[in-house]
Amino acid sequence: MQQTEEEQRELAGSNGRAVLIVSSFEGTPPNLSVPPAPPLFKEASGHDSSGASALASVFTLCNSAIGAGVLSLPFAFQHAGLIGGALMVLIIGMAEGWTLYVLAKFAEAYNIGSFGMLVRRMLGRRLALSVAIIMVLYLWSACVVYLIILGDTLSAFATNVLPEGSPHLNRRHVIIGASMLLLPLCMLRRLGHLSHLSALAVSGFVYTAGVVIGVGAVEARKRSHPLEGVALFHWSGSALFALPIVVFGFNSHANVVSIFTELAEELDPRLPVVPIKEASMFPFVPHAKTEKMQSMLAVIACSMLIIGGGYVGVGSMGYIGFPTTVGGNVLNALPQDNVWVQGAMGVVSVIVFLHFPLNHHPARGGMQDIILLMGGTTRLSRLGSFLFTLGFVSTAAALACVVTSLGDALHVIGGTAAAALIFFVPGAMLMNAGVMKAAQAALEADTPIEPGTTPRRGLDGLSEPLLQEAAEKGMKKTGIVHAPGKSWAAGLGLVIFSIFILLVTLGTL
């Protein structure tokens, strides 16, 4: 099926990762390895009962998270320590898994099939505009990361592969040359020829992770004590430097709503499931009221275990193998004359090169969303699209030439845009849901407010008409008000945690 850019909205799930850009189709979607997602701001007509199996959805969710961030995990472990890094991966993995459940739960409650539309429904036009801006910046930042990786790996690769006496390939020359090749690819309006890159990307990063683990183990055995120079914990403030990098590594939140939408209604016997319960015995513990949510909880749990286990393996062995020399890109610390390492460099270079246009296209679609949310009525013209693409590629290349540390780049992205999408947005949704639930409870209680009393902060001080609006639209009408209940408290905790990550990021630059 031929599609133009005007006929499809492309959404990139987690940038800086091995992820297929997915599209919305009119009619039956093609048989791709990753289920197609609805457009960013188009409401789903309903859930497909004959959708993807839970096992296939595990692959899709892992695919959304695993990517370029794996190259900086040993760098994160170097800052946090061997055990400290493993604990950080465990805690962040559990926290991000819970926020994935929150998004899937709201998608089920409102029968919405896209992340952007869910934000618009739950939080209103203004916050939807903010999220669209964050998403475009996130995609652009991912492309900066891709160019940094290309500059690092191709310059080192060429030095070791080209014959002795060949001209030195400067990383800036690589970045500029790659940008010139990428510009016409980004001008394309259809990317169907890259639709099967997803499986290749995951396989490539799995291979690279295997090389890091294997080479790290070999290097550790060369020392008299394998853990020589390895710290178990770092108690200084610099240990927090690792936090945004680990946060970035699990991000798949922009894809989870579409993954849930495409998930089959029937249970998959190949995965364990939790029993259906109306409520959990313990506060904040996920529970399923439908078979589809049972499957989704299994998908999230299995995905987080797979990703977390792989990250601990790569981070720990990369750090153990090179405790003092590992940097933001672990490939730079590996023996450059090793044929397996050279293979990993070549594979990663090809993957990130092809992923640049796959991330640029939804960014251009996101720019259109921004225009519409700001009240515009016209689409980007061909000239507007050209100027956006030119600015997108050139500014990404310019920043990649200046920023030489992949770890520093992922640190900034993970602590800003990623933290906002992963923790702030689900937290705001929970707070809003808490206000709506409390307002509805207040209306049902039918307790009148005595005339002449001083309105208190929170729902107790709201008039009945405003309570009715709060029950329907939440904080979109009331603003930020306190509401009793677990949802509001949990949401506030996530919002505070996202702000904490932002402050940590700024404080450890």
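The model is predicted, so a local feature needs pLDDT of at least 70 and a side-chain atom pair counts only at pLDDT 80 or more, while totals for chains, interfaces and linings use all residues. Residues are numbered from 1 along each chain as its sequence is written, and side-chain values rest on heavy atoms, with hydrogens and water left out.

**Overall picture**

The secondary structure comes to 15 helices and zero strands. Of the 509 residues in the protein, 56% are buried. Buried stands for under 20% relative accessible area, exposed for over 50%, and partly exposed for what falls in between (1.4 Å probe, protein chains only).

The protein exposes about 21,600 Å², and carbon and sulfur atoms supply 65% of that area. Accessible areas come from the Shrake-Rupley method with a 1.4 Å probe, and for residues only the protein chains shown count as cover. As for contacts (heavy atoms within 4.5 Å), take those with a separation of 6 or more: residues 24 or more positions apart account for 84% of them.

**Around helix α4**

Let's start with F115, which is found in helix α4. With a relative accessible area of 1%, F115 is buried. What does F115 touch, leaving aside neighbours within four places in sequence? Its contacts are L103, V131, M135, H253, A254, V257, L421 and V425.

S130 and L373 are 243 residues apart in sequence, yet 9.7 Å apart in space, C-alpha to C-alpha.

N111 sits in the loop between α3 (82–110) and α4 (115–161). N111 is not a glycine, but has a positive phi of about 55°. Its relative accessible area of 29% makes N111 partly exposed.

**V352 in helix α10**

Helix α10 (residues 339–373) holds V352. Is V352 buried or exposed? V352 is buried, at a relative accessible area of 1%. Not counting residues up to four places away in sequence, V352 touches Y146, I149 and L150. V352 and G67 are 285 residues apart along the chain, and their C-alpha atoms are separated by 9.1 Å.

**Salt bridges**

Side chains of opposite charge can pair when their charged atoms come close. The structure holds two salt bridges, each being a side-chain nitrogen of Lys or Arg within 4 Å of a carboxyl oxygen of Asp or Glu.

| Salt bridge | N to O distance |
|---|---|
| D152 and R171 | 3.3 Å |
| E219 and K222 | 3.2 Å |

The D152 and R171 side chains meet in a salt bridge. D152 lies in helix α4 and R171 in helix α5 (residues 171–187), so this pair ties together parts that are 19 residues apart in sequence. D152 is buried at 9% relative accessible area, and R171 counts as buried at 15%. In the other pair, E219 is buried with a relative accessible area of 18%, whereas K222 counts as exposed at 62%.

**Surface patches**

Patches are made of residues with over 30% relative accessible area and no salt bridge; like charges are joined within 9 Å, and nonpolar side chains (Val, Leu, Ile, Met, Phe, Trp, Tyr) within 5 Å. On the charge side, Lys and Arg count as positive and Asp and Glu as negative, with His and the chain ends not counted. A charge is placed at NZ of Lys, CZ of Arg, CG of Asp or CD of Glu.

Which residues gather in the patch of positive charge on the surface? They are K105, K289, K437 and K486. K289 has its place in the loop between α8 (253–262) and α9 (291–321), and counts as partly exposed at 46% relative accessibility.

There is a nonpolar patch on the surface too, formed by I83, L87, L90, I91, M94, L232, F233 and W235, with about 860 Å² of accessible area together. L232 is found in the loop between α6 (197–221) and α7 (242–249). At a relative accessible area of 42%, L232 is partly exposed.

Terms used:
Helices (H or I, at least four residues) and strands (E, at least two) are DSSP runs, numbered from the N terminus.
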